[in-house]
Amino acid sequence: MTFKPVDKLLDVVGDAVRNSVFDQYHSRKWVHTDPVQFVHQYTHPKDQEIAGFISALFSYGSAEQIIRAVKTILKPMGTYPYQFLLNW
């Protein structure tokens, strides 16, 4: 027995829901509540990578706790965390 029409309908509905959620939340106005905010503080890709890696390492628990921990770690690294780590 095949359910191809139903499968296709679920694909279409799933795409519509996913796109709707994406359109609603894919905005910088939500970044301040997420540890991904640290990636956006840097312009150089290597600095963004360091900030993202550190954020990912501490991504457990509540977002508020993660944000506090990552701020504490990145603050002494200054504007260029990649260079800071190379010179450490």
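Which residues are exposed on the other side of H3?

1. This is a predicted model, in which local features need pLDDT of at least 70 and side-chain atom pairs count only at pLDDT 80 or more, while totals for chains, interfaces and linings use all residues. Residues are numbered from 1 along each chain as its sequence is written, and side-chain values use heavy atoms, with hydrogens and water left out.

2. Helix H3 spans residues 63-74 (helices are DSSP runs of H or I, at least four residues, numbered from the N terminus). Its 12 residues reach 16 Å from first C-alpha to last, close to the 16 Å expected at 1.5 Å a residue (1.5 Å times one less than the number of residues).

3. Ile66, Ile67, Val70 and Leu74 are the buried residues of H3 (buried is under 20% relative accessible area, exposed over 50%, with a 1.4 Å probe and protein chains only). They cover an arc of only 100° around the axis, which puts them on the same side of H3 (the arc is taken from the directions from the helix axis to the C-beta atoms). On the other side, Glu64, Arg68 and Thr72 are exposed.

4. The buried residues of H3 pack against helix H2 (45-57) and helix H4 (81-87) (contact means heavy atoms within 4.5 Å).

5. Ile67 has a relative accessible area of 11%. Not counting residues up to four places away in sequence, Ile67 touches His32, Thr33, Asp34, Pro35, Gln37 and Phe38. Ile67 and Thr33 are 34 residues apart in sequence and 8.4 Å apart in space, C-alpha to C-alpha.

Conventions. Helix = DSSP H or I, 4+ residues; strand = E, 2+ residues; numbered from the N terminus.
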